[in-house]
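Here is a briefing on one protein model.

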Amino acid sequence: MTMPPPPNQPPHNPYGGPVPPPQQPGPYGAAPQGFAPPGHPQQAYPQHGVPPQYPAGPGPGPGGWGQPPMGPPPKKKLSAGAIVAIVVGSLVVVGGIGYGVKAGLDGVTGPFPAATHKLVVPQTVLGGEFTLVSDLSDTQGKEIEDTPDFTVKDATAAVGQYSGKDESVLVLSGLYGQIKSPGSTRSSILRGAATDKGSTLVVKPKDFTPAGYGVTVSCQVTTSKDGLATTTLPMCAWGDENTAAAIALVGVGEATADPKDIDLADLAEKTAKIRAEIRKPIG
């Protein structure tokens with residue numbers, strides 16, 4: 001016959017040892033903290049089904065106290081298609097810039113220069129490095145021709161989109177005719193691109209005179225934001241008595257680079273070389 005336990009003695013624990021005192025149930029009917037089945041090590045189970053956290057490192061810094069080491073998020077790599085859309089959208093519609101409209105009128109007097117040169121849109125530029133994808137002179141180029149500018153006579157557009165072997169994109173957007181104020185026209189091209197919707201001027205225009213080409217080239221860097229992505233867009237422009245154009249040359253690396261790291265002197269030299277390739281005598 002089993003005898004009841006003496007007064008003031010804890011009840012018998014069939015698993016050995018004294019029976020722990022009863023604990024209050026947790027909120028919402030959850031098991032009390034510190035509960036574990038017999039024969040298992042006790043472990044505090046957090047409430048509401050959240051798994052326990054364990055230290056993963058020696059201290060509270062990155063990677064410590066339950067969090068895996070985390071580096072900075074990787075930069076988004078823009079595809080060639082995305083670069084094309086951004087560059088073409090920013091530069092092909094350069095007709096809206098006006099090429100000296102209003103700004104070029106002040107102080108501009110005298111006759112128009114003779115028409116001696118024109119621009120062409122060849123199949124390749126920069127010695128074959130870039131191949132023509134689309135000649136847009138008769139489509140988007142009409143915006144250039146239809147923009148009133150009293151400093152330019154008989155303006156004809158020359159607009160082309162080119163692609164390189166390394167997924168880089170080159171866009172030519174220009175005109176030819178009789179230009180009274182080439183310097184003002186060159187400045188107006190860049191100013192219009194910098195004030196285009198969504199664009200921010202980051203590196204102000206700088207003038208370069210590439211050796212052996214006899215022309216001043218102005219270059220700048222803008223950024224364009226689309227959602228969370230920000231694209232770097234370097235471009236250069238020239239203007240002479242017959243031709244004026246902007247050149248944007250952007251690769252995947254340049255599109256995500258710090259604008260201040262862009263080598264504008266190199267781009268200016270390439271722009272002067274392109275001018276020499278596409279500027280042809282009339283007749």
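Two strands pair if DSSP finds at least two bridges between them. Helices (H or I, at least four residues) and strands (E, at least two) are DSSP runs, numbered from the N terminus. The model is predicted: local features need pLDDT of at least 70, side-chain atom pairs count only at pLDDT 80 or more, and totals for chains, interfaces and linings use all residues. Residues are numbered from 1 along each chain as its sequence is written, and side-chain values use heavy atoms, with hydrogens and water left out.

**Overview**
- The protein chain holds five helices and ten strands.
- Buried residues (under 20% relative accessible area; exposed is over 50%, partly exposed in between; 1.4 Å probe, protein chains only) make up 39% of its 283 residues.
- Take the contacts (heavy atoms within 4.5 Å) with a separation of 6 or more: residues 24 or more positions apart account for 64% of them.

**The sheet**
- Eight strands build an open, antiparallel sheet in the order β2-β3-β4-β5-β9-β8-β7-β6.
- β2 (124-125) and β6 (199-208) are at the edges with a single partner strand each, so one side of each has no neighbour in the sheet.
- β3 (residues 130-135) pairs with β4 (residues 152-164) in the antiparallel sense, over five bridges.
- Within β4, Y162 is the bridge partner of L132, and G160 is that of D135.
- β4 and β5 run antiparallel and are joined by ten bridges; T156 stands opposite Y176 in β5.
- The β4-β5 hairpin has four residues between the strands, and E167 takes a positive phi near 70° there.

**Strand β9**
- Eight of the eight residues of β9 are buried.
- Both faces are covered: T243, A245, I247 and L249 are on one side, and A244, A246, A248 and V250 on the other.

- Helix α3 (residues 182-194) lies across β5 (169-179), β6, β7 (217-226), β8 (229-239) and β9 (243-250), at about 170° to β8.
- Such angles run from 0 to 180 degrees between N-to-C directions; axes are lines fitted to C-alpha atoms, for helices over the stretch in contact.
- Helix α5 (residues 264-278) also packs on the sheet, touching β2, β5, β6, β7, β8 and β9, with its direction at about 50° to that of β8.
- α5 has 15 residues and spans 21 Å from first C-alpha to last, close to the 21 Å expected at 1.5 Å a residue; the expected span is 1.5 Å times one less than the number of residues.
- Its buried residues are L264, L267, A268, T271, A272, I274, R275 and I278.
- Seen down the axis, these fall within an arc of 160°, so they line one face of α5; the arc is that of the directions from the helix axis to the C-beta atoms.
- D263 caps the N-terminal end of α5, with a side-chain oxygen 3.3 Å from the backbone nitrogen of A265.

**Q220**
- Q220 sits in strand β7 and counts as buried because its relative accessibility is 1%.
- A polar atom of the Q220 side chain lies 3.0 Å from the backbone oxygen of L190.
- Beyond four places in sequence, the contacts of Q220 include L190, A193, A194, L233, M235 and L264.

Methods: A polar contact is a pair of N or O atoms within 3.5 Å; within protein, one must be able to donate a hydrogen and the other to accept it, and residues adjacent in sequence count only if both atoms are side-chain atoms.
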